[in-house]
Amino acid sequence: MQRKDYLELARRGRGLPIGADLILHQPGAAPVDRYQGEQLGAVMVRAAERFHSPLAFSLMDLTLEKKMLLDLLGVDAPEVHDGMLVKPISPERRDAVMARLEQSLPKPMIAQMAALEHVVKQGALEPVGMHIGPFSLVSKLLSDPITPIYMAGTGATAEDDDQVEILESALDLTTRFLARYSALQIEAGAKAIFVAEPAANKVFFSPNQLAAGAPIFERYVMEPNRTVRNRMSDGGAELIFHCCGELIDSMVTQFGSLRPVILSLGSSRHLWEDAALLPKDVVLYGNLPSKQFYSDELTPPEKVREMARALKSKMASVDHPFILGSECDILYVPDTGDRILTKADIIAAS
């Protein structure tokens with residue numbers, strides 16, 4: 001699918017849940033080995049069929065990339081303590097990690113590639129790859145990412161501050177790692193990559209510093225994501241970009257500059273207002289509060305229908321391409337899976 005096809009998908013007006021995790025845990029379904037790519041691919045296909053979607057979305061698990069990267073660094077790496085970076089990663093060590101990646105792909109990567117290949121073999125669906133964003137991966141590697149970002153916003157450099165140096169050395173590695181992961185997924189058949197960058201928000205980046213002209217959001221979020229996005233473009237794949245964090249308007253505008261075919265935002269945003277911040281050929285996606293779907297008291301089925309109708313009406317009034325969906329992928333919650341699945345079905349039918 002090309003951009004025009006995503007715009008056509010928006011014009012059709014049908015909801016599009018992202019719910020592979022729900023299908024993975026569907027009552028009565030056979031257990032799935034997450035290291036068996038064909039089984040993962042079958043989940044992607046079942047989810048697309050259940051929700052009448054031409055897009056087969058990969059399972060989202062934003063813990064995998066951190067584990068893979070730490071394994072590549074080595075369990076005894078001097079830079080790491082208790083799963084967190086405590087020292088800068090030297091250029092030589094970064095090169096060594098990337099070389100090790102080429103020599104032996106981690107099991108989750110192999111499974112993901114096999115899952116995409118399985119979808120390709122089915123022939124009828126568009127395979128969508130998945131990975132965390134470069135900055136959000138860094139945020140999982142540092143015990144306190146906010147302080148070095150703030151220090152950088154005051155003008156501190158890697159030469160001035162050890163924590164800034166750790167941040168920037170890690171970001172260089174996560175960017176290279178994820179750019180390569182995108183390329184591998186594209187080689188396996190992905191026609192689009194869903195990049196989840198939830199940490200790129202105003203909790204980590206001071207709105208006051210940004211208003212004063214600090215280039216920290218550009219340096220730590222936009223530049224790395226442009227690198228990854230360019231790798232996708234080189235491989236002929238589209239970008240689907242997601243951020244469910246608390247944002248300021250300038251962040252939404254900058255996300256639009258990545259030229260995603262779909263921009264997915266969290267339920268804190270008013271999408272009908274965000275439409276004015278974005279090019280007309282970037283489809284807005286979202287943003288029903290799916291994190292509340294486990295509770296029929298918070299979101300009974302009829303309320304989901306009402307919210308869907310209201311959001312579609314507001315988006316129609318601003319005449320911006322829009323696909324109804326959730327604030328993020330819809331996750332299974334034990335003992336409430338049927339309840340959540342019912343609400344995902346409502347989105348698909350809306």
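Two strands count as paired if DSSP finds at least two bridges between them. The legends below describe close-up views of a predicted model.

**Figure 1. Strand β5 and its two neighbours, β4 and β6.** Strand β4 (residues 126-132) pairs with β5 in the parallel sense, over 5 bridges. One of the places to look is Val 128, which has Ala 192 in β5 as its bridge partner. Strand β6 (residues 238-243) also pairs with β5 in the parallel sense, again over 5 bridges. Here Phe 194 has Ile 240 in β6 as its bridge partner. The side chains of β5 point two ways: Ala 192, Phe 194 and Ala 196 go one way, Ile 193 and Val 195 the other way, and all are buried. With 5 of the 5 residues of β5 (residues 192-196) buried, the strand is largely enclosed by the rest of the structure.

**Figure 2. Strand β8 between β7 and β9.** Strand β7 (residues 262-265) and β8 are joined by 3 bridges and pair in the parallel sense. Ser 264 stands opposite Tyr 285 in β8. Strand β9 (residues 322-326) runs parallel to β8, and 5 bridges join the two. Leu 284 stands opposite Phe 322 in β9. Between β8 and β9 the chain passes through helix α14 (residues 301-318), and this β-α-β crossover is right-handed. In β8 (residues 283-288), 6 of the 6 residues are buried, so the strand is largely enclosed by the rest of the structure.

**Figure 3. Helix α5 and its buried face.** Helix α5 (residues 91-103) has 13 residues. From its first C-alpha to its last it reaches 19 Å, close to the 18 Å expected at 1.5 Å a residue. Its buried residues are Arg 94, Val 97, Met 98 and Leu 101. Seen down the axis of α5, these residues fall within an arc of 90°, so they line one face of the helix. They pack against α4 (64-73), α6 (107-122) and α9 (162-187). Glu 92 and Gln 103, on the other side of α5, are exposed.

**Figure 4. Ala 188 in the loop between α9 and β5.** Ala 188 has a relative accessibility of 7%. The cut-off for buried is under 20%, so Ala 188 counts as buried. Leaving out residues up to four places away in sequence, Ala 188 touches Met 113, Leu 116, Glu 117 and Val 120. Gly 41 is 147 residues from Ala 188 in sequence, and the two are 12 Å apart in space, C-alpha to C-alpha.

**Figure 5. The ring pair of Phe 57 and Phe 194.** A pair of aromatic rings is described by the distance of the centres and the angle of the planes. The structure holds 6 aromatic pairs. In the pair of Phe 57 and Phe 194, the ring centres are 6.2 Å apart and the planes stand at 85°, so the pair is edge-to-face. Phe 57 lies in strand β1 (residues 55-57) and Phe 194 in strand β5, so the pair ties together parts that are 137 residues apart in sequence. Phe 57 counts as buried at 7% relative accessibility, and Phe 194 counts as buried at 1%.

**Figure 6. The ring pair of Phe 135 and Phe 204.** Phe 135 and Phe 204 form an edge-to-face aromatic pair, with 5.8 Å centre to centre and 85° between the planes. The pair links distant parts of the chain, 69 residues apart: Phe 135 is in helix α7, and Phe 204 is in the loop between β5 and α10 (207-211). Phe 135 is buried at 0% relative accessibility. Phe 204 is buried with a relative accessible area of 18%. Ring pairs link Phe 135, Phe 204, Phe 205, Phe 217, Phe 241 and Phe 255 into a cluster.

**Figure 7. Helix α7, the helix that holds Phe 135.** The buried residues in α7 include Pro 134, Phe 135, Ser 136 and Leu 137. Val 138, Ser 139 and Leu 141 are buried too. In total, 7 of the 8 residues of α7 (residues 134-141) are buried, so the helix is largely enclosed by the rest of the structure.

Notes
Residues are numbered from 1 along each chain as its sequence is written. This is a predicted model: local features need pLDDT of at least 70, side-chain atom pairs count only at pLDDT 80 or more; totals for chains, interfaces and linings use all residues. Side-chain values use heavy atoms; hydrogens and water are left out. Buried means under 20% relative accessible area, exposed over 50%, partly exposed in between (1.4 Å probe, protein chains only). Helices (H or I, at least four residues) and strands (E, at least two) are DSSP runs, numbered from the N terminus. A crossover is right-handed if, with the strands pointing away from the viewer, the path from the first strand over the helix to the second runs clockwise. The expected span of a helix is 1.5 Å times one less than its number of residues. The arc is that of the directions from the helix axis to the C-beta atoms. Contact means heavy atoms within 4.5 Å. Rings of Phe, Tyr and Trp (its six-membered ring) pair if their centres lie within 6.5 Å; planes under 30 degrees apart count as stacked, over 60 as edge-to-face and the rest as tilted.
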